[in-house]
Amino acid sequence: MVWVAAEGLFVDADALVVRGFARYQTGQFTAARRDFQVVLDRSPRYADAWYGLALIARAQGRAAQALTLNREALSIDPDRAELRQLQAALTAGQVMASGQ
């Protein structure tokens with residue numbers, strides 16, 4: 001359980017991550033980022049929360065930050081397909097942006 005001070009509740013970390021992804025999918029990036037960060041403040045090895053932050057950074061055009069955040073997720077769960085796919089897409093985007 002994670003204390004969410006803004007809401008005055010204890011919430012399961014999994015529930016916060018699910019809510020974070022729902023908020024991300026509806027464009028509520030600030031609220032989603034807050035959900036993921038609350039989880040990471042208590043459980044820094046929660047790969048889904050790092051992945052959620054990476055998706056938000058990518059959606060907001062911050063590819064370098066997304067790459068760093070996704071690397072954190074990959075360091076925790078290196079075999080997860082969607083993390084590898086995002087890493088490949090972000091790396092390819094950086095190569096294209098640099099003109100290589």
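Me: Let's start with helix 2. What span should its 14 residues have at 1.5 Å a residue?
Reply: They should span 20 Å, and the end C-alpha atoms of helix 2 are 20 Å apart, so the two agree. Keep in mind that this is a predicted model.

Me: Which residues are buried in helix 2?
Reply: A31, A32, D35, F36, V38, V39 and L40 are the buried ones there.

Me: Why would some of those come in steps of three or four?
Reply: An α-helix has 3.6 residues a turn, so residues three or four places apart point the same way.

Me: OK, zooming out. How many helices and strands are there in the protein?
Reply: Five helices and two strands. Going along the sequence, the pattern reads β-β-α-α-α-α-α.

Me: And what percentage of the residues count as buried?
Reply: 38% of the 100 residues do.

Me: What about the largest nonpolar core, how many residues has it got?
Reply: It has 27 residues. V17, F36, V39, Y46, A49 and Y51 have the most contacts inside it. Helix 1 (13-25), helix 2 (29-42), helix 3 (47-59), helix 4 (63-76) and helix 5 (81-98) each give two or more residues to this core.

Me: Which helix gives the largest share?
Reply: Helix 3, with nine residues.

Me: Back to F36. Is F36 buried or exposed?
Reply: Buried: the relative accessible area of F36 is 0%.

Me: What does F36 touch, leaving out residues up to four places away in sequence?
Reply: F36 touches V17, G20, F21, D48, A49, G52, L53 and I56.

Me: Now the rings. How many aromatic pairs are there?
Reply: Three. One of them is F21 with F36, whose planes sit at 65° with the ring centres 5.0 Å apart, so that pair is edge-to-face. It links distant parts of the chain, since F21 is in helix 1 and F36 is in helix 2, 15 residues apart.

Me: Is F21 buried or exposed?
Reply: F21 counts as buried at 19% relative accessibility, because the cut-off for buried is under 20%.

Me: How are the rings of Y24 and F29 arranged?
Reply: They form a tilted pair, 5.9 Å centre to centre with 40° between the planes. F29 has 21% relative accessibility, so F29 counts as partly exposed.

Me: Which residues do ring pairs link into a cluster?
Reply: F21, F36 and Y51.

Me: Which residue lies over the face of Y51?
Reply: R80 does, at 5.6 Å from the ring centre.

Me: Switching to Q87. Where does Q87 lie?
Reply: In helix 5. Q87 counts as buried, at 12% relative accessibility. Leaving out residues up to four places away in sequence, Q87 touches L67, N70, R71 and L74.

Me: And Q25, exposed or buried?
Reply: Exposed, at 66% relative accessibility. Q25 lies in helix 1.

Me: What separates the C-alpha atoms of Q25 and I56?
Reply: 9.5 Å, although the two residues are 31 residues apart along the chain.

Me: Last one. What percentage of the contacts with a separation of 6 or more come from residues 24 or more positions apart?
Reply: Those residues account for 41% of such contacts in the protein.

Conventions:
Residues are numbered from 1 along each chain as its sequence is written. This is a predicted model: local features need pLDDT of at least 70, side-chain atom pairs count only at pLDDT 80 or more; totals for chains, interfaces and linings use all residues. Side-chain values use heavy atoms; hydrogens and water are left out. A nonpolar core is a set of buried Ala, Val, Leu, Ile, Met, Phe, Trp, Tyr and Cys residues joined through side-chain atoms within 4.5 Å. Buried means under 20% relative accessible area, exposed over 50%, partly exposed in between (1.4 Å probe, protein chains only). Helices (H or I, at least four residues) and strands (E, at least two) are DSSP runs, numbered from the N terminus. Contact means heavy atoms within 4.5 Å. Rings of Phe, Tyr and Trp (its six-membered ring) pair if their centres lie within 6.5 Å; planes under 30 degrees apart count as stacked, over 60 as edge-to-face and the rest as tilted. A charge sits over a ring if NZ of Lys or CZ of Arg is within 6 Å of the ring centre and within 35 degrees of the ring normal. The expected span of a helix is 1.5 Å times one less than its number of residues.
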